Amino acid sequence: MPHIPVMTTEVLEYLLWDYAGKYVDCTLGDGMHSKAILRIIGPHGGSILGLDRDPRALDSARSNLSNHINQVELALSTFGEMESKILDKKEKPYSGFLFDLGLNSSRLKNADDGFSYMIDGPLDMRMSPHDRLTAARIVNDFPEKQLADLLFRNSDERFSRKIAKAIAGYRQKNSIQTTYQLRDIIYGVVKGYQRLKSVARCFQALRIAVNNELEELKNGLPAAFMHLQSGGRLVVISYHSIEDRIVKGFLRDNRLPRRAAEGKYLKILTPKPVRPTADEQSVNPAARSARLRAAEMVIVSNG
Ligand SMILES: C[S@@+](CC[C@H](N)C(=O)[O-])C[C@H]1O[C@@H](n2cnc3c(N)ncnc32)[C@H](O)[C@@H]1O
């Protein structure tokens, strides 16, 4: 089953303003947001450049967007590569950039990808099969202190030191290769109602590290800023507070008065993050943690 797109109504509301424009979907996934966007801009000549780091996502999106094939261009790219590889500097700036961060739900449900602590599988967690670092390598090879810091930094896990110590102790006897092994090590040291949350946070922290997600986001947002036209929109949906902090900081750093001298700045359209409606949260539990922030590019012309 394809991914259920999150906050589609709000994405369309904040992103679309120029129906004949070209938009960049930086997190194409199954192409479900792009499909909703193309339904609106397609008849007006608008188009989409769809990017994803995962080649399987591009295949899936290609099939889901087959009705709009003349109005989409798809390319394999991380946020970090987007600037040098994809965004053509000679082309007109874009009308909008969409980032729907996180994971495609089909990846989460696939045991072989090792993202979920609810399914036993290899401890992999790579969004792209072309990447080298896996979660198994981190838990087996990283020094205990580095592991504890990583767990804390990427998920605010308060038992990070205890968990890193348990991992370091376990791996002296056995290598850690599966999601259930890691889950059980954490269960061994965190008790009571906290333990499931700790497992979820540790899995999140490892996934962020494997895919270098925070650095990716920090590189992707300025690339979007560089290539937005005046009036263009930046829309970001994040799924945990660490990502949201980065997005919030980026919008704040690029609004007035900080950017007044450059004559190019962001007008924040969402003073507070927009949350999914209660209806959406009940139909799609994966949307519960979503927070959407949006901004409009303002370029002051001197002429
Ligand atoms: C939540 S899914 C997007 C779902 C999509 N909006 C839809 O409606 O079908 C996030 C997608 O972004 C991709 N992704 C995450 N981080 C990325 C990065 N740094 N560079 C490129 N793609 C990334 C993932 O591979 C995944 O396919």
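This is a predicted model: local features need pLDDT of at least 70, side-chain atom pairs count only at pLDDT 80 or more; totals for chains, interfaces and linings use all residues.
The nonpolar cores come first. The largest one has 31 residues. Within this core, Phe97, Phe99 and Leu234 have the most contacts. Several elements each give two or more residues to the core. The strands among them are β2 (47-52), β4, β5 (228-238) and β7 (291-299). The helices are α4 (79-86), α11 (213-226) and α12 (241-253). Helix α11 gives the most, with 6 residues. In soluble globular proteins, nonpolar side chains tend to be buried together.

Neighbours within four places in sequence are left aside here. Phe97 is then in contact with Leu15, Val24, Cys26, Met82 and Leu87, among others. Its partners also include Ala224, His227, Leu228, Arg233, Leu234 and Val235.

Helices α9 and α10 form a packed pair. Helix α9 covers residues 179-189, and helix α10 covers residues 194-210. Their axes lie 9 Å apart, at an angle of about 130 degrees. On the α9 side, the meeting residues are Thr179, Leu182, Arg183, Ile186 and Tyr187. On the α10 side, they are Arg195, Leu196, Ser198, Val199, Cys202, Phe203 and Leu206.

Ile242 is found in helix α12. Its relative accessibility is 8%. Buried means under 20%, so Ile242 counts as buried. Ile242 and Asn154 are 88 residues apart in sequence. In space, their C-alpha atoms are 7.2 Å apart. Ile242 also touches Asn154, with residues up to four places away in sequence not counted.

Asn104 sits in a loop. This loop runs between β4 (94-100) and α5 (105-109). Asn104 has a relative accessible area of 13%, so this residue is buried too. Residues up to four places away in sequence are again not counted, and Asn104 then touches His3, Gly29 and Asp30. With Asp30 there is also a polar contact. The side chains of Asn104 and Asp30 make this contact at 3.4 Å.

Definitions and conventions. Residues are numbered from 1 along each chain as its sequence is written. Side-chain values use heavy atoms; hydrogens and water are left out. Helices (H or I, at least four residues) and strands (E, at least two) are DSSP runs, numbered from the N terminus. Buried means under 20% relative accessible area, exposed over 50%, partly exposed in between (1.4 Å probe, protein chains only). A polar contact is a pair of N or O atoms within 3.5 Å; within protein, one must be able to donate a hydrogen and the other to accept it, and residues adjacent in sequence count only if both atoms are side-chain atoms. Contact means heavy atoms within 4.5 Å. A nonpolar core is a set of buried Ala, Val, Leu, Ile, Met, Phe, Trp, Tyr and Cys residues joined through side-chain atoms within 4.5 Å. Axes are lines fitted to C-alpha atoms, for helices over the stretch in contact, and angles run from 0 to 180 degrees between N-to-C directions.
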